[in-house]
Every structure is written in C-alpha cells, then in structure tokens.
Amino acid sequence: NTRVVMRRHPNGMVTEADFAIEHGTAPEPAEGQALVQVKYLSLDPYMRPMMDPVRSYVPHLNPGQLMPGATIAEVVETRDPGLPVGTTVACALGWQEYGLVSAADVRIVDPEAGPISAALSVLGMPGVTAHYGLLELTEPKAGETVVVTAASGAVGSVVGQLAKLKGARVVGIAGGPEKCAYVVGELGFDSCIDYRSATFEEQLAEATPDYVDVLFENVGGPIFDAVLGRVNDHARVALCGNISQYNADEPYGLKGVRQLLMHRVTVHAFVIADHRGYWPRALPELSGWLADGSIRYREDVASGLVDAPKAFIGMLTGLNFGKQLVEVSAD
Ligand code: NDP
C-alpha cells in the first residue's frame with residue numbers, strides 16, 4: 001500500500017521534499033467494512049493551506065500524516081453486504097492505494113453512466129462548489145456581467161458555463177493564451193483575459209463596458225483587486241478561493257476594500273464542506289447539463305501516486321489544464 005504523507009510543513013512555496021512516500025501492506029477489512037483499491041485521486045488547492053500550522057476551518061496536518069483527498073475506488077474485498085466486490089465508490093481515502101470504507105462513508109458511482117473520474121470534477125466537489133457559489137449565493141440574472149477567475153480550472157470552468165446558461169455575459173480570467181482560447185472556444189464564455197498580459201487591466205476594462213455585477217473569485221491577490229476596480233453598485237462576490245496566496249511568503253494587502261464600501265458590494269465567503277445537504281440538489285442538474293451538452297469539462301491526469309507531489313505543485317502554479325487528477329491504479 002503506497003501512501004504519500006506530509007513530511008514537514010512547507011516554508012512558502014511547497015516542494016517535493018515536503019512529502020514522503022511510504023510503502024506498507026493493505027489493511028484487512030473488519031466486519032462491516034470493505035477494502036477498496038483507489039482508481040483516481042483528486043488533487044485540490046485546499047490541501048495546500050491544510051499543510052500550514054495555522055487556524056482554519058479544518059484541523060491542519062502534522063508531519064507524518066497522510067495527505068487527505070477525495071478518491072474514486074473499487075471494492076476488492078468485502079465484509080459489508082452493502083458493498084459487493086466490484087462496486088465503484090466515491091470516498092475520501094487520501095493519497096494512498098488501498099483503504100477501508102463502509103457503506104455509510106461512500107457515494108456509489110455508476111460506471112455505466114460515464115467516466116468515473118467525473119465524480120471528482122464536474123459531478124463532484126468542484127461542480128457542486130460552482131453550482132452553490134454561483135447560483136445559490138450570487139444569483140446571476142440575464143444580461144448581467146459575471147467575471148470568473150481561474151476560468152479554465154475545475155471550479156471556474158463550470159461557473160462560467162452555468163452563468164451562460166442563466167443568460168449572463170461572462171468574462172473569464174486565466175493564465176495564458178491557450179487556456180483563454182479554450183475558455184472562449186470550448187466553454188463558450190464571451191471573452192477571456194490573460195492576467196499575465198502587460199495590458200491585463202486595459203483588456204479587463206474593455207471586456208466589462210457595463211462594469212461587473214457578479215465576481216466568482218478563485219485566486220485573490222492583485223487579480224481580485226483589478227476586478228474590484230470594475231464593480232457595479234450592489235455587486236455580489238462569491239469568495240471561493242485565494243489560490244494566489246496559498247504559497248505566499250508575505251500576505252498580499254488587498255486594496256479594493258474602498259471599492260467594496262463605495263459600491264456596497266455583498267461578499268459571500270463560503271466553504272462547500274459546510275453544505276453537504278446541497279449535493280443532492282446540485283448533482284442531478286449538473287448531470288443533466290453534462291448529458292445534454294450544456295456543460296463540458298476537461299481533466300489533467302497524472303500517472304501514479306509517486307508523481308502526485310509534482311502534479312500537486314503543478315496545479316498550484318497553473319501547469320494543470322482542467323481538473324487535476326492522479327490515476328492511482330489503472331484497470
Ligand atoms: P483549478 O483547477 O482552477 O486549478 C488551480 C488554478 O489556479 C491553476 O490552474 C491556475 O490557473 C490558478 N492559479 C494558481 N496560482 C495562481 C496565481 N498566483 N494567480 C492566478 N491564478 C493562479 O483549481 P480548482 O478549480 O479546484 O480551485 C479553484 C479555486 O477554488 C481555488 O482557490 C480553491 O481553493 C477554490 N475552491 C474553494 C472551494 C470552497 O468550498 N470555497 C471548493 C473548491 C475549490 P491559471 O493557469 O489560469 O493561472
């Protein structure tokens with residue numbers, strides 16, 4: 001049973017040396033448990049703040065602890081009649097090859113319904129986050145201007161497509177021309193701006209002639225400030241992520257507080273883990289939109305747990321193109 005643990009707390013930018021690979025034996029299921037083999041592991045930005053020894057909405061990791069994470073796994077041995085051998089489940093086993101679950105811990109995934117990995121992206125936590133943050137918190141109306149940061153990523157890609165379904169004018173912000181071309185050409189956003197461009201702020205102003213009614217904020221830092229410079233009165237912000245700051249040595253001092261006040265902006269800071277009851281509302285809608293082609297998604301799949309630290313660092317620096325997964329064991 002290969003496992004990846006946090007070796008030490010990172011100091012600023014996380015490095016591969018902050019992780020350690022361990023090898024052990026697979027655990028034995030007790031009565032009421034099943035042994036599962038992990039097929040896919042989801043690598044998510046929230047794992048990075050969990051590595052810092054600071055107060056948060058979940059306890060932080062300590063050196064030697066298994067890296068946490070959502071997984072898709074298959075039952076290989078069972079002592080739980082609710083989980084026959086061969087059942088595919090979504091569960092939270094972290095960065096390891098094998099683990100124990102019971103029926104109460106898992107969501108059954110139907111492999112006939114589509115690629116099982118989608119249960120970690122558009123039909124999983126990132127999709128539900130997009131649905132909740134955009135539709136439930138900011139409620140975009142037809143004709144409004146919605147800006148989405150980290151627009152090509154797991155959450156942002158779904159947010160923009162949902163905003164289009166609601167009839168909004170959608171402007172993405174992403175890193176690099178290739179991602180921007182995908183956001184407009186494949187995902188159907190009205191425009192997408194490369195924040196690395198020297199003329200980013202001018203392009204943002206051109207793309208938001210009627211200013212911004214809704215911001216779905218995933219990155220924080222200077223990009224957040226730039227969009228706050230374009231908000232309309234009574235704009236709504238879904239404050240979802242702050243990824244530009246997760247590895248920062250010095251916290252960025254937000255300048256847009258003045259804009260928040262002058263334009264009486266409502267900021268909805270949220271963490272989807274607080275809203276477990278929302279999943280059954282979001283998933284059927286997301287499945288329907290995926291099935292009828294209204295939403296599309298893209299995955300970036302690394303191979304093997306040994307490469308997970310590298311893929312994780314890549315995702316935190318924008319090397320991923322779409323939802324970052326690790327194929328832990330191939331069929
Ligand atoms: P993504 O698939 O979007 O991958 C992360 C992306 O962040 C990278 O590809 C990169 O895109 C962008 N990024 C990284 N560093 C920077 C930077 N310095 N400045 C600008 N962009 C950067 O990840 P997710 O969709 O899984 O997560 C997106 C955000 O949503 C994260 O902040 C995450 O913490 C948050 N989140 C919050 C949840 C909640 O419950 N509140 C739940 C799920 C996610 P690019 O190449 O375009 O720069």
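Modeller: Before we start, helices here are DSSP runs of H or I with at least four residues and strands are runs of E with at least two, numbered from the N terminus. By that rule, Ala 150 sits in the loop between β8 and α3. The model is a predicted one: local features need pLDDT of at least 70, side-chain atom pairs count only at pLDDT 80 or more, and totals for chains, interfaces and linings use all residues. Residue numbers start from 1 along each chain as its sequence is written.

Colleague: Fine, let's stay with Ala 150. What makes Ala 150 buried or exposed?

Modeller: A residue is buried with 20 or more other C-beta atoms within 10 Å of its own, exposed with 12 or fewer and partly exposed in between, the C-beta atoms being placed from the backbone. Ala 150 has 27 other C-beta atoms within 10 Å, so it is buried.

Colleague: Where is Glu 139, and what is its phi?

Modeller: Glu 139 is in the loop between α2 and β8 (145-149). Its phi is positive too, about 45°, and it is no glycine either.

Colleague: Let's turn to α2 and α8. How are the axes of these two helices arranged?

Modeller: α2 (residues 125-138) and α8 (residues 279-291) have axes that come within 9 Å and cross at roughly 105°. The axes are lines fitted to C-alpha atoms, for helices over the stretch in contact, with angles from 0 to 180 degrees between N-to-C directions.

Colleague: So what is that crossing called, and why?

Modeller: Under 35 degrees is roughly parallel, over 145 roughly antiparallel, 65 to 115 roughly perpendicular and the rest oblique. Therefore α2 is roughly perpendicular to α8.

Colleague: Which residues meet between α2 and α8?

Modeller: Residues are in contact if their C-beta atoms, placed from the backbone, lie within 7 Å. From α2 you get Gly 127, Val 128, His 131 and Tyr 132, and from α8 Trp 279, Ala 282, Leu 283, Glu 285 and Leu 286. This contact is made of six nonpolar residues, two polar and one charged. Nonpolar covers Ala, Val, Leu, Ile, Met, Phe, Trp, Tyr, Cys and Pro; charged is Asp, Glu, Lys and Arg; the others, Gly among them, are polar.

Colleague: What makes you say how enclosed α2 is?

Modeller: Eleven of the 14 residues of α2 are buried, so the helix is largely enclosed by the rest of the structure. Among them are Met 125, Val 128, His 131, Leu 134 and Thr 138. These buried residues pack against elements including α3 (154-165), β12 (231-239) and α8.

Colleague: Which residues of α8 are buried, and why do they count as being on one side?

Modeller: Ala 282, Leu 286 and Leu 290 are the buried residues of α8. They cover an arc of only 60° around the axis, which puts them on the same side of α8. The arc is that of the directions from the helix axis to the C-beta atoms. Pro 280, Pro 284, Gly 288 and Ala 291 are exposed on the other side of α8, and α2 is included in what covers its buried residues.

Colleague: How do you know where the buried residues of α4 point?

Modeller: In α4 (residues 177-185) the buried residues are Lys 179, Cys 180, Tyr 182 and Val 183. They fall within an arc of 160° seen down the axis, so they line one face of α4. The exposed residues Pro 177, Glu 178 and Gly 185 are on the face of α4 turned away from its buried side.

Colleague: Last one: what makes Arg 298 buried, exposed or partly exposed?

Modeller: Arg 298, in the loop between α8 and β14 (299-303), has 17 C-beta neighbours inside 10 Å, so it counts as partly exposed. Leaving aside neighbours within four places in sequence, Arg 298 is in contact with Phe 321 and Gly 322.

Notes: Two residues are in contact if their C-beta atoms, placed from the backbone, lie within 7 Å.
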